[in-house]
Amino acid sequence: MTIREIYNTHVKEEFPASQTVQALESVTSKRMTDILSEAPFSGSVTEQTTRIPVLTHGNGLHQENDRLKTKLSVTNKQRINGHRRSCSETPYGRSMQKKSEMDIQHDKKWESRFYESFEDPPIWTSILTYISFLILILVGHMREFLKKLGIGRVKNISEPNIPGFVTLYQTWESFYHWYIFRRGKDTLYRAINSVPGAEMDVMDRVTDDHYWTFRYTGTSTRVINFGSYNYLGFSQNTGPCAEAVEKSVNELGNAICASRQELGYLQIHKELDDLVADYLGVEAAITVPMGFATNSMNLPALVEKGCLILSDELNHASLILGCRLSGAQIKTFKHNCMEDLEEKLKEAIIDKQPRTHRKWKKILIVVEGIYSMEGSIVKLPDVIRLKKKYKAYVYLDEAHSIGAIGPHGKGVVDYFGMDPKDIDIMMGTFTKSFGAVGGYIGGSKRLINHLRLRSHSAIYSSTMAPSIVQQVISSMNIILGRDNSRDGIKRINQLKWNTRYFRRRLQEMGFIVYGNKDSPVVPMVTFSPAKVVYFSRYCLEHGIGVTVAAFPAVPLEKSRIRFCLSASHTKEMLDKVLEMTDKLGDTLSLKLSRKEPAEYGDSEDQDEEK
Amino acid sequence: MYDMFQALLQAPSYHLFFEALLIIWIFKLLFFSKAYAPESVLTEKEKEELIAEWQPEPLAPEIPDDHPVLMAMENNIITGKPGKYVTINGKSCVNMATLNFLGMAGNPSVEAEAIKTLKKYGVGSCGPRGFYGTMDVHLELEDKIAKFMNCEEAILYAFGFATIASAIPAYSKRGDVIFADEGVCFAIQKGLVASRSKIKWFKHNDMEDLERLLIEQAKEDKKNPKKAKVTRRFLVVEGLYINYGDLCPLPKLVELKWKYKVRLFLEESLSFGILGSNGKGVTEHYNISPDDIDLIAASLENAIGSTGGFCCGKKYIVDHQRLSGLGYCFSASLPPMLATAAIESLRLIDEKPGMLVELRENCEKIHSKLSDINGTVIVGEPISPVKHIRLAEPSTDRDFDVQTLQKIADLSRDNKVAVTLARYLEEEEHKLPLPSIRISVNNQLSDEEIDTVFTTLSEAFQKIITH
């Protein structure tokens, strides 16, 4: 699936967002209050209602809701069926369906605390965003035209014309780069020269030619780091991890220079493999020195021609590449939409392979734990239910979720309280929560033995450097509490508290915040590309480093700021950022949410504890 | 109009009736054709049955626990630093297996640099290059590599395999044509697959075969000049082939490149830091300007003794990967401590080119010695640090040969010389090389050690082959 296709589905399906759907959400979230009161992990109802923060635009809708409530609850399912928002926005709507007792009980357990939101902007915001892109494109074309007349020139490295050679680049690629991306280029690829911890030093750079090129001035600015994926704060240059790493460099050197099967597999690698398996609660695991390559080098060993891959439309590039390299047929389903997934599963089994009409050899569902651009969490219990029903296999990429969520920091499986053995392939990375680099695959012994023999990474790439292995081992042991301290669990709880506090405050202020209430990646949608760039620049000037995502990484009209929370952030840091965001939100009129903020049941309890 | 009406009245009634029928029939065809379509829709029950019937193949095949390769990994427990010597099961062996040609993995000054960086930056960079994962050491390393290779710019990847595998699809798309050597390594093969371009394989190092393909392509282009105008043509070769230990005929390749207007990509994972008087690779070895090559890619995991890889070349070419190289954009950056380790290794190579001379001498010595072992063939150039020892009379059964070689490797390991078989994914390689024991040479071997390696290996070969 190309970025353009992702974009198309988004634009096509998100645009006709009607207010009724939003009314529906309010209804369902109101119902939630009832369900929450039964749930064991939430506070009492009275507490929650007092905690419901001030609404910005929601009052009118509210009254309408009451009127609609009785009527809608019956037709709810039919109306929102087939609409993308129904899939991502109203997970609780499902409980209205007729189901067996057991199903309801099972669903309640996780659905009652599962909150995700993807609010659409008011229509004029979308229109303005499109217009702003249109202006950028027009200006670009004007400059191209002037360039042809010999007025002005592209200052960057344009491709020299070597006679006889076909040009290397297509026009649109360069056009986007020169006239659109270039204007916000300074918000990306910022260099730092310190630990990417709670704070970091961003190297100052200036541009003399309107962002064509940059020049480092040699100084740097200390900023609060909301850009690095340092979820549990293990990116440290002191402390037990760093000490252990130093020791390992002295003992084992800095590199191996051989692959796993060619005498590059050390005792320490075996130790790591075993520890990862233990951490995940699976039989065995294999580790790879690069997270991206874990996907792209191992997927081809699992499925081949004649197999079907059902891949979430927002899956990471590495998964897409891995799927493509495998040679299997790839179909995508709507983001986190279980109805669509079920439909596609059914269809696939019934229709069999195209042309040959043979039965599929295997069907592999590929999902991620946390989607880093949307902040959403996979509906794992449903995925597992479907997988069992249709005998498919599940590949779960926990790149962002491992360590970051779940009461024990063991990812989405832990978060939903599922059995890790229900997931066939557990993949994740060490880059984020463990402050190292690399990835793993966990699963049954049979699967891992197969990968040890057949994975591209086992044969054609050198094994992980000992220093990196040691960092993972040390941080993992801390999370597991094997260092006889409560450091690990403290970090996990701190991150959870930070996440909920930060998300709740942003929603209270009226920002449109995407994703699950427990996701430590917090995408805040600003829509207009100019606003996102301004936001990022302003933050940097005032001591905060955030990341931005714009087209083509996300749909054209949904540029966003991403805050990546960390256990190492203190409340003061969060407050400082919130204050600035609040101020900027007024300046840029970003407070567009017309929705009731989510319930944050247990975050308050921890607040008091703190 | 009146005439028409008159004509209608005068027409016989059967005619009118017939026309009316025709019109109704057309209407039916237009609007109700679906109703006449044969019923092929399955009932719900049939669907459920189909779903219940379907049984998938197991996710992974059953592998016996005593599979030889698994056993080799499980039973050969390596502890301590894998430098010139490697400790396997508590026994110290001469290390002829790992691609640590210059001893950079285990070099004290490289380690010291790594630790210094660790104390400043920690271990991970916690993000891709775009999102605060760029550190000053990455910029410095890119700069150093570009200077070292006399190129305009270099781009750093976090993983050797991903370097060329990402670089090829960044340029070559569907509809483009790539000419590739049959002997290229697996990473290149995957890059070629990912690009979805049309691949034209030429025989390993056979320039006549390549030229034949190029002429063929030129003829095709002449036939369809419109298509030829947008079809990019690439030529992908390895500098020093890891699967064969031989060099690519670069001067001829460059000549063909200019003659037939193809862009030349050169993979130098094995030759970077080894060949040429200053370790700049095949270009220096053949005394060819790097400007003649469109893109040079190499891994930092061999001679440099770190992790990662890089591409270098003209700025307008390399810069493109910063937005289009998948492995660059979507992956966490190289840990800073490994980046500074690479910087230090580069500095050492630059400062002491003498070690390259030592290495070359060792390579030649070992090559001439190993050529004396009966019943074997040495594949590769004398100056190549990687040598493949193949059986002179291979049997028709590949598995049997692999087992024989494995026995030889085991025996020589027991006699304190660690060697490994060159492993391949046999089903997936484009052209599977014959089984071999892969020897890698390093510059620190003394003459006595080379003698030990020779005697141990030749004894092992004699013992196993004659049995």
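What follows is a guided walk through a predicted model with chains A and B.

A few conventions first. Residues are numbered from 1 along each chain as its sequence is written, while chains are lettered from A and ligands numbered from 1 in the order in which they are written. Because the model is predicted, local features need pLDDT of at least 70 and side-chain atom pairs count only at pLDDT 80 or more, whereas totals for chains, interfaces and linings use all residues; side-chain values use heavy atoms, with hydrogens and water left out.

Let us begin with chain B as a whole. It holds 21 helices and 16 strands, both taken as DSSP runs numbered from the N terminus (H or I over at least four residues for helices, E over at least two for strands). The C-alpha trace spans about 120 × 55 × 50 Å along its principal axes. The radius of gyration of chain B is 31 Å, while a compact globule of 467 residues would have one near 23 Å; this radius is taken over C-alpha atoms, and the globule rule is 2.2 Å times the number of residues to the power 0.38.

Of the 467 residues in chain B, 58% are buried (buried is under 20% relative accessible area, exposed over 50%, partly exposed in between, with a 1.4 Å probe and protein chains only). The accessible surface of chain B comes to about 20000 Å², and carbon and sulfur atoms account for 57% of that (Shrake-Rupley method, 1.4 Å probe; for residues, only the protein chains shown count as cover). Looking at contacts in chain B between residues at least 6 apart in sequence, 68% join residues at least 24 apart, a contact being heavy atoms within 4.5 Å.

Next come the record's annotations. For chain B, an unreviewed UniProt entry places "transmembrane region" at residues 12-31 and 154-172; UniProt positions follow the numbering used here, feature names are shortened, and annotations may be inferred rather than shown by experiment. In the model, residues 12-31 of chain B are 95% helix and 0% strand, with end C-alpha atoms 29 Å apart. Residues 154-172 of chain B are 63% helix and 21% strand, and their end C-alpha atoms lie 19 Å apart.

Chain A also has a "transmembrane region" in an unreviewed UniProt entry, at residues 123-140. That span of chain A is 100% helix and 0% strand, with 26 Å between its end C-alpha atoms.

Now zoom in on B:Ile317, which sits in helix H15 (residues 315-318) of chain B. B:Ile317 counts as buried because its relative accessibility is 2%. Leaving out residues up to four places away in sequence, B:Ile317 touches A:Leu168, A:Tyr169, B:Tyr171, B:Asp294 and B:Leu295. B:Tyr171 is 146 residues away from B:Ile317 along the chain, yet their C-alpha atoms are separated by 8.9 Å.

Finally, some backbone details in chain A. Most residues other than glycine have a negative phi, and most peptide bonds are trans. In the loop between helix H13 (338-351) and strand E8 (363-368) of chain A lies A:Lys352, whose phi is positive, near 60°; A:Lys352 is partly exposed, at 26% relative accessible area. A:His357 lies in the loop between H13 and E8 too, with a positive phi near 55°, and is exposed at 53%. The peptide bond from A:Phe551 to A:Pro552 is cis, with omega near 5°, and A:Pro552 is found in the loop between strands E16 (544-549) and E17 (559-564) of chain A.
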